[in-house]
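Thank you for coming; I would like to walk you slowly through one structure, beginning with a pair of strands and ending with a pocket. Please have a look at the model first.

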Amino acid sequence: MQWTDRIGSRVKLRDLHILLAVAQAGSMSRAADRLAISHPVVSKTIADLEYALNVRLLDRTPQGTEPTAYGRALLSCGTVVFDELHRGVQQIAFLSDPTRGELRIGSGAPWVESLVPAVIARLTKEYPRIKFQVTDSDAVTLCGMLRERRLDFVVGRVPSSIFGEDLVSELLFDDSLHVVAGVNSPWSRRRRIDLAELCGEPWLMPESDSLPMALISEGFRAAGLTLPAPQVVSNSVTLRLRLIETGRFLAILPNSTLQFATTRMQIKTLPVRLRINAPPTVAITLKNRTPNPIVRLFVDELRAFAKPLTKGRSVGPRR
């Protein structure tokens, strides 16, 4: 297959756009309605693409259409093409006016409810025309969205098992974990506490299939203790903070949350030693993808906020 003969002059961005619309809509007629063009135009475009590539791109079903293996391969390529084009337009817009743009961030509950809003508040004050879209989910989901180019970058703790050759991470800071209680809790008046003394207390914990819960379990296991059955289970950091303030509950939270989400809250860190080997907080991007220029603004500001949390560890990219 000669590129100049069959592909270079026959496959256009408009054709890829129409193919993407058909795949997303699930039928040519629905795609035509969404694109505000006629059904015959959509049908002819797909037919011309299939002729140019000499493969079938869509299977016709009673419910509509679905991509073939060849179609999925071309759609994957099309997603990259349009994403890179979007990045190029962003770069041009940023060069002409660095005070505006859009940033899509993915992060988990501890950072979405503490550090991330602090950074956004600072940046929107200096750059009021920058728009932010924040997705709160687990690391596996967020890295999947990053690979699908639905996010610009991810902030959080990510297990090494999630990384592949396509992702690169940049160390932001180490984030230690601490046992906390309300200031009116009897435990807040103690100068030394062993973790074993707290096993019978009412605990607040995240959901069992989360990385934070895995780290908490590690802390109890390292101390030779059985993980207490929590009285309240929730991934919401805000909920846990409010319940801690009542003085009835204990929880384990990252230092960044205590620094940025507990201002004027009646919460105290307890003098309990935790032996937890927690992964650092990192900024994750897709390797070899044209970067959104606003990412660097955000990461630099995030690092400035988190500077008091660092412990002298060198900062740089990790692959």
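**A sheet and a pocket**

Let me begin with V180, whose bridge partner in β11 is T269. Strands here are DSSP runs of E with at least two residues, and helices are runs of H or I with at least four, numbered from the N terminus. This is a predicted model, in which local features need pLDDT of at least 70 and side-chain atom pairs count only at pLDDT 80 or more, while totals for chains, interfaces and linings use all residues. Residues are numbered from 1 along each chain as its sequence is written, and side-chain values use heavy atoms, leaving out hydrogens and water.

Strand β7, residues 177-182, is joined to β11 by three bridges, and the two run antiparallel; strands count as paired if DSSP finds at least two bridges between them. Together they belong to an open sheet of three strands, in the order β10-β7-β11, with antiparallel pairing. Its edge strands, β10 and β11, each pair on one side only.

Now, the largest pocket, which is an open set of points on a 1 Å grid over the protein atoms alone, where a 1.4 Å probe fits, with protein on both sides within 12 Å along at least five of seven lines. Which residues lie nearest its centre? They are G108, P110, S210, L211 and P212, among 33 lining residues, lining meaning an atom within 4 Å of a point. Helix α9 gives the most to this lining, with four residues, and β10, the edge strand, is among the elements that each supply at least two.
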